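Subject: Structure for you to look at, with notes

Dear colleague,

Please find below the structure I promised to pass on, followed by my notes on what was found in it. I would be grateful if you read the notes with the structure open beside them.

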Amino acid sequence: MKEQTLHRTFNELLENMPKHFGDAFFRLAEYSNQSGVLEICINGFYDEIIRFPFTIKNVKSFYEWLESKLTDIGNSEQEFCLGRQKGSNDIYVIGIKPLNEYSGEYHDCYWSAEQSVPLKECCIFYAYNLTKDEIGWCSFHRMEDLVRRIYTTLRNSQGLKCKSEKIEEYYNNAKEIHLEYKGFSTTTTINSRDLRYRGKIFSPDNILLNGWGFAADNVPELKTHFESMVEKIIERDNWRKHDNEWKNSGVDVVSIGCVFDILPDIFRERVACNKYDKSLNDKVCGGHYEVPLYYVTKAWDIILKGDLGANEFRVEYDSEWDDEPVDRTLEEAIVQNDEVKRIWKELLNIDIDALDVDFSQFDMHLPPKATESDMYDYFVDVPDGIEEWILNGINNPSGEVNFDNVSSLMEFAAYILLEREDADC
């Protein structure tokens, strides 16, 4: 029964190859007097941790089993017995099935298209419930990356000082890798804590760029991460150049900033004292979408008075749970945006409530014009997605603004309205 269950599960996994490698996390908790509880999490489901009584003797035996996965892949014992699950009668084993007999390449969606890993370097990792004759969890990995991850997460358990010299030596002996891309360069080292490749990036002038380090498990991932970081550096430098040119072009940055960050007192003073550049009533230049400045107030009116979905936590301040107080609550921002609406109407004869703006037209990064993946990268991806910064001024307004803020808000309004439509379906 067991072999049939495993064979069926393995075939299903190989037929439906996941888009990226899985994850595993091992920890020895409650460690005292050379014993504790081994906690295992497979593929990141932290609400599904399995726990087993474990001693230092068990740890050493487990290290020996992991060592064999690196040095004697084809002939070593595939499974390690964990024993009886804590609080249960179920007995578990974990196993690693190498795919060294398979040919071909495995491509991870997070790597550059020309990079891949041979299937013979990969394996299937599983937790098997002997009592119930069923696979508890099963995931796809590169063998070396899996062993490293299991070993380092367990080795770094609080209070545990037991190490495997063989495993440490295996990864620390990885050769130094030097990479160059578009004039930028890096030379990697092995980090002592997680035994992964770590690299710092140097400019074409051989100047260390602080804050642009990266990590990787393997060479394809290393090359991809490095090249991706270089592209981001180039993109950032071009963005800063464009932003400086925009701010030095004579544009009324202060008025744009006070409307964008909803600062009615500053806005009223600028309009009343003829400091406001009325050409902004025609368009705000700089971004993909050049729209009248009052579209900003209309967008905030729609965004803040409706469902923010997954972004609600960014503006909902709770004094009981949030560590730092905010300068302005969501409710206060709505009141102040209503005040900005009155300024538009009273001083500039523009009735925001009467405007009928079709925000869905700002859709260059939304399906069908963009793929789901591109939409995710543009709106959600950390740290540069629009969701990460667009709402910052609601709780902590500064009046600072960049060339693409207004255009980005138009797209964010379209994005939020699309999410609301999907939620109503």
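Which residues does Cys285 touch, not counting residues up to four places away in sequence? Before I answer, a word on the source: this is a predicted model, in which local features need pLDDT of at least 70 and side-chain atom pairs count only at pLDDT 80 or more, whereas totals for chains, interfaces and linings use all residues. Residues are numbered from 1 along each chain as its sequence is written, and side-chain values use heavy atoms, with hydrogens and water left out.

With contact taken as heavy atoms within 4.5 Å, Cys285 touches Trp246, Glu290 and Phe403 once those sequence neighbours are set aside. Cys285 sits in the loop between α7 and α8 (294-304), where helices (H or I, at least four residues) and strands (E, at least two) are DSSP runs numbered from the N terminus. Cys285 counts as partly exposed because its relative accessibility is 37%; buried means under 20% relative accessible area, exposed over 50%, and partly exposed in between, with a 1.4 Å probe and protein chains only. Between the C-alpha atoms of Cys285 and Leu119, which are 166 residues apart along the chain, the separation is 51 Å.

Rings of Phe, Tyr and Trp (its six-membered ring) pair if their centres lie within 6.5 Å, and planes under 30 degrees apart count as stacked, over 60 as edge-to-face and the rest as tilted. One of the pairs is formed by Phe26 and Phe125, which are tilted, at 6.4 Å centre to centre and with 45° between the planes. This pair links distant parts of the chain, since Phe26 belongs to strand β1 (residues 24-32) and Phe125 to strand β8 (residues 122-129), 99 residues apart. Both Phe26 and Phe125 are buried. Trp239 and Phe403 make another tilted pair, at 5.6 Å centre to centre and again with 45° between the planes. Trp239 lies in helix α5 and Phe403 in the loop between α11 (392-395) and α12, so this pair ties together parts that are 164 residues apart in sequence. Trp239 counts as partly exposed at 30% relative accessibility, whereas Phe403, at 9%, counts as buried. Ring pairs also join Phe26 and Phe125 with Phe62, Trp65 and Phe80 into a cluster.

Turning to helix α7 (residues 264-272), its buried residues are Pro264, Phe267, Arg270 and Val271. They cover an arc of only 130° around the axis (taken from the directions from the helix axis to the C-beta atoms), which puts them on the same side of α7. The face turned away from that buried side carries the exposed residues Asp265 and Ala272, while the cover over the buried residues includes α6 (253-260) and α9 (330-348). Just after α7, Asn274 takes a positive phi of about 60°.

Phe267 is also one of the residues with the most contacts inside the largest nonpolar core, together with Trp300 and Trp344; this core has 54 residues. A nonpolar core is a set of buried Ala, Val, Leu, Ile, Met, Phe, Trp, Tyr and Cys residues joined through side-chain atoms within 4.5 Å. At least two residues of this core come from each of α6, α7, α8, α9, α10 (372-379) and α12 (405-424), and α12 gives the largest share, 8 residues. Apart from it lies another core, of 36 residues, among them Ile56, Phe80, Ile96 and Tyr171.

Finally, the strands, which pair if DSSP finds at least two bridges between them. Strand β2 (residues 35-42) runs antiparallel to β3 over 6 bridges, and the bridge partner of Ile40 in β3 is Ile50. Strand β3 (residues 50-55) has Ile50, Phe52 and Phe54 on its covered face, and Arg51, Pro53 and Thr55 on the uncovered one. Strands β4 (residues 79-84) and β5 (residues 91-98) also pair in the antiparallel sense, over 5 bridges, and in their hairpin, with 6 residues between the strands, Gly87 takes a positive phi near 80°.

With best wishes
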